[in-house]
Structure formats: structure tokens, C-alpha cells
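Here are my notes on the model, point by point. Please read them with the coordinates open.

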Amino acid sequence: VVVLSESIARQLFGTSIDVVGKEVRINYVPMSVIGVVKDVSTLATNAYGQAWIPLGLTENSNESWNHNIMGNISVTILAKKRSDFTIIREETNRKLMEYNQLLSESGYNVINRNRPYDQEKESVASGGRYEPDVNQARKQRIIIFLILLIIPAVNLSSMTQSRLRQRITEIGVRRAFGCTRSEILNQIIIENFIITLFAGIIGLLLSIGFAWIGADMLFKQPYSMTLNAPTIDASILIHPSTFVYALLFCFVLNLLSSGLPALRASRTCIVNALNRK
């Protein structure tokens, strides 16, 4: 039996509807179609496929050796919740101990390097001989994020300072007509928050648009097992929580970069402010 993706079903039968029960040959083996699923993006490395068949139907003895415990095969387990990870690891280790006892007579011993890994650890794994250093990978990501965020933070602070210098006379006039320091401070901060919100939305739309336009360049897979171009959708490009965290960081950054200059501007002497000092 085989499960096909919609695009492959259309290529084979001209339609992806009512193809269950039809026959297709894979590696000259006749198989019956038992289902059709939506196409999976090639960016989903572990989940991508065009046809899914039972394990063993295309087994090649040259790809597996040492009691069938080595070769180009991996398994991905989808847990219902994060708390299940511990149970999965315990069960895996128990099965591994039982298997190693069977192999002990032949002199073999399977070393799993503390597998199974979660998604984060698997993403930084480079091979089967070494356990990946998740903490080091996190530090590298944090350093990259800080560099990418500090540069615009400096620019934002400079722009805010420049805007306040241009509005120093306005602040002096408003103070002369009885506006309090807190009102001026609140107005400047709220203005910057509104600008940040609109800029964040525009930046999100531009990022998604650029990712769609430059998908072939941005998401090119040099060692891909498929010739299909990567399919892109919004759920792959960004998660809602990612945008919320980034926007929250921008708000905090804006508060620091605009709040301190606004506080200084609101405390400027009225006479000096009217004279742009």
C-alpha cells in the first residue's frame, strides 16, 4: 500500500480525487493507493515526502549493516505534549538495554548518544558520533540576535534624539501654555509606540513578501533529495508568538530609546526650549 501527495496523484492519475484503490508501481512493486494527503513543504526536512510506503518494501541490503541497526533511516515521534518526552526517553532506553543484552554475545553494543533528541537538539546535531552541545548553540543564537537588535536600537535612539531636537520649540510653547511634563512625556512615548506598531506590521508584511519572492534563493537546499522547489506559506515563515515576542522587544527598546530623551526634553527650561537650546 502507498499514500500519495496531491501533486503526485495528479501527475499519475490526472486528479487527486477518487484515486483510492488504484494501483501504482514503485521500484517495479505494485502498490494500492490507500490515501492522498496535502503536499508537504520541502522545508519540513523530517516530514517531507511524496509517497509513503511501509518500512521494508524498498529495503536495500547495501544501506543497512550490523544487525540492521545502522544505515540511512531515522524515526520522528510526535509527542502530544512536552511532558511526554521523559516517558518516551525512558521507554527508548529500556528497549535499548534489552536489545544490547541480545547483542552482547556477538560483541556489539549500540550507543545512542542520549537519543532520542527533541527538535531543538536535533536541529544542531551534525552526526551520530557526537552529542550536540545545545547550550553552545543557544549562546551563538543569542549573540546573533543581540547583534541584529543592537544595531537598529542605536539607529532608533539616534533618530528619536534628532526628532526631539527638532520639536524642542514645540515643547517649550506647550510648556508655556501650561502643559505639564507628564503630559509631554506620555504624548511622546505614545507616539513612538504607535510608530513602532505600524512599522512592525509593515516589516512583517515586507518580510513575508520578500520570502515568497526570493524563496528559491533564501531556502535553497544544496543536498536535497528532491528536485521540487520549496513551497512557502505563512505558517512556515513565522509563528505568531515569534512576531509577538519581536514586537514586545521593539516596544521595550522604543520605551528606553524614546522615554529617556523625552524625559530630558520635558525637563528643559521653557526659556531655553523656546530658543531651541
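1. Arginine 138 is partly exposed, because its relative accessibility is 39%, between the 20% and 50% cut-offs. This is a predicted model, so please read every value below as computed from it.

2. The side chain of arginine 138 meets that of glutamate 120 in a salt bridge, 2.7 Å from N to O. The pair links distant parts of the chain. Glutamate 120 sits in helix α3 and arginine 138 in helix α4 (residues 134–166), 18 residues apart. Glutamate 120 is partly exposed, at 26% relative accessibility.

3. Lysine 121 also forms a salt bridge, with glutamate 131. The closest N and O atoms are 2.5 Å apart. Lysine 121 lies in helix α3 and glutamate 131 in the loop between α3 and α4, so this pair ties together parts that are 10 residues apart in sequence. Lysine 121 counts as buried, because its relative accessibility is 16% and the cut-off is under 20%.

4. Salt bridges with shared partners join Glu91, Arg94 and Glu98 into one network. Within it, the side chains of glutamate 98 and arginine 94 meet at 2.8 Å, N to O. Why are glutamate 98 and arginine 94 separated by about one helical turn? Because they are four residues apart in helix α2. An α-helix has 3.6 residues a turn, so residues three or four places apart point the same way. Glutamate 98 is partly exposed, with a relative accessibility of 38%. Arginine 94 is partly exposed too, at 38%. In total, the structure holds six salt bridges.

5. Now the backbone. Most residues other than glycine have a negative phi, and most peptide bonds are trans. The bond from arginine 115 to proline 116 is cis, with omega near 5°. Proline 116 is placed in the loop between α2 (84–103) and α3 (119–123). Please look at this loop in the model.

6. Aspartate 18 is not a glycine, yet its phi is positive, at about 55°. The residue belongs to the loop between α1 and β2 (23–26). Aspartate 18 is exposed, because its relative accessible area is 67% and the cut-off is over 50%.

7. Tyrosine 28 is another residue other than glycine with a positive phi, near 70°. It is found in the loop between β2 and β3. Is tyrosine 28 buried or exposed? Exposed, with a relative accessible area of 78%.

8. Just after α1, glycine 14 adopts a positive phi of about 80°.

9. Phenylalanine 13 lies in helix α1. It is partly exposed, with a relative accessible area of 23%. Which residues does phenylalanine 13 touch, not counting those up to four places away in sequence? They are Leu4, Val19, Lys22, Glu23, Val24 and Val33. Take Val24 as one of these contacts.

Terms used. Residues are numbered from 1 along each chain as its sequence is written. Side-chain values use heavy atoms; hydrogens and water are left out. Helices (H or I, at least four residues) and strands (E, at least two) are DSSP runs, numbered from the N terminus. Buried means under 20% relative accessible area, exposed over 50%, partly exposed in between (1.4 Å probe, protein chains only). Contact means heavy atoms within 4.5 Å. A salt bridge is a side-chain nitrogen of Lys or Arg within 4 Å of a carboxyl oxygen of Asp or Glu.
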